[in-house]
Amino acid sequence: VTGATTITGTFNHAGTSAGTIVNFTDLTVDGTLSGSGTGTIAATGNVAGAGTINLTGNTFQQVVGANKSFGALSGSTGWIFNNLMFSRSAGNPTIATQTGGNGSITVNGILSVGKAGDGAATILNPGNRTWTLTASGAPLVFNIAGSGLCVPVTGCASNTSTFEFNNSNPVNIAANLGYYNILRDPTITGPVGDTTLGPVTAYNNFTINPTAASANGLTVILGGALIVGNTNTYAGILTIQGTTNGFAVLDTKSGSGWAISANNLNIAACPGGSAINNLNAYNATITLSGTGTPFTIGSNATFTRGTSVVNYTGPGATILVMGNGNGSTNSYYSLGLTPGVGSQQVLGSGTLDVNGNLTIGDGTHTGATAATNYPNINLYGSLTIAAGAVYTKGTGTTSFKKNAAQIWTDNTVAKQDLGTVSISGGNSTVNLGSSVTASTITINLNQTLSLN
């Protein structure tokens, strides 16, 4: 079809066809575009309209040689596709989803950005829409290197989209650095295991939230580093939760320990009671950059620490104090309190157990204070206070409790007073890595403080 086409009535294709059955240029759907057949319906220009698209069959392909637009200009009518493909005939085009409308876009087969054999990349700006992908397996595919979603922070501020994956069977979440929101919210009837297929960045939120009538879990295993937030311009909330009797597990993968960076991490309480939401950290480095309370754990949720490192980098952040001794859950392995420019981080109340090493400060900026909530601190590894850090003691006790050698190092010029210190492990030796300061030091029977 040459020239712009406007559908005001109904265009329907129900037959069995191979290849492209119709090729529009600019296409405006103000009526209905429907189809339950096979073959491809293509458009080489802009795709718009306030009408209905309901393709239960066919493939719809927007193939362009320059930047074009996609989506309704106004209204809330959702468009439904079987397979939807965005590709290029020339150049490196960006297809921008119109933001005047807010109707959802549902793809029941595969959403492809880029086509196998294309000579260059295609970029999709998903706009302000919710893209609901209902298929299992790999419902979102980026076929050509460089093809993907337009990154919100580098020229696509209109990308405030949500990619919802809701199939009840395992789903592979495509690697990409341009997601805004990711929502994985299936209704499941048995255990389900998902995988991310490489590095994933979601600028605003990544939420895992399965629903189940009886206790069943959804496990998302990372296949690459996960970033949620990127900068504090965005909410950057990673949420692990369940609905009814569904529960969620985020797994950094045994043997890989893929890194997680987020502004905020919430492992929510599970309403089912017996089911438990969990982050399985293995040896991952988890960086939390929020400035409020960046880490929260619900009453029946768990953080399985492994040999992970949790680094808090937000100035003024309130630090979640977890006290479970050297238990494998709900305690830290190694902990970094390393705020950037700004105020000290604030240790919460209770008992803070650190089973690996505790580092305060990043070598340049301020550190942490225990003078607000007065926690007790139990160290099962070494303590390092970095140059430039400021540590403010509280009324709690800092105890070195490892049943082996530990090192206490203070690299500041004006040594930081730890307050009340106890050396109380089983046959523990604390070696000083520098001059240090404390208000009171108690060395228990069979313990050693070595000045060497």
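Is C156 buried or exposed, and what is its relative accessible area?

Guide: Happy to! This is a predicted model, in which local features need pLDDT of at least 70 and side-chain atom pairs count only at pLDDT 80 or more, while totals for chains, interfaces and linings use all residues. Residues are numbered from 1 along each chain as its sequence is written, and side-chain values use heavy atoms, with hydrogens and water left out.

C156 is buried, at a relative accessible area of 5%. Buried here means under 20% relative accessible area, exposed means over 50%, and partly exposed lies in between, using a 1.4 Å probe and protein chains only. The partner of C156 is C150, and the sulfur atoms of this disulfide lie 1.7 Å apart. A disulfide is a pair of cysteine sulfur atoms within 2.5 Å, and by this rule the count is one. The torsion about the S-S bond of C150 and C156 is about 80°, so the disulfide is right-handed. C150 is buried too, with a relative accessible area of 12%. Another cysteine, C270, is buried at 5%.

Now for the strands, which are DSSP runs of E with at least two residues, numbered from the N terminus. Two strands pair if DSSP finds at least two bridges between them. Strand β12 (residues 83-88) has five of its six residues buried, so the rest of the structure largely encloses β12. Strand β9 (residues 59-64) runs parallel to β12 over six bridges, with T59 bridging to N83. Strand β15 (residues 111-113) is also parallel to β12, through three bridges; there F86 has V113 as its bridge partner.

Further along, five strands make an open, parallel sheet in the order β40-β43-β46-β48-β50. Its edges are β40 (351-354) and β50 (440-443), each pairing on one side only. From one strand to the next the twist averages 15°, where axes are lines fitted to C-alpha atoms and angles run from 0 to 180 degrees between N-to-C directions. Inside this sheet, β43 (residues 376-379) and β46 (residues 397-400) share three bridges, and I377 stands opposite T398 of β46.

Let us end at T420, in strand β48 (residues 420-423). With 30% relative accessibility, T420 is partly exposed. Beyond its neighbours within four places in sequence, T420 is in contact (heavy atoms within 4.5 Å) with G396, T397, T398 and T440.

Conventions. Helices (H or I, at least four residues) and strands (E, at least two) are DSSP runs, numbered from the N terminus.
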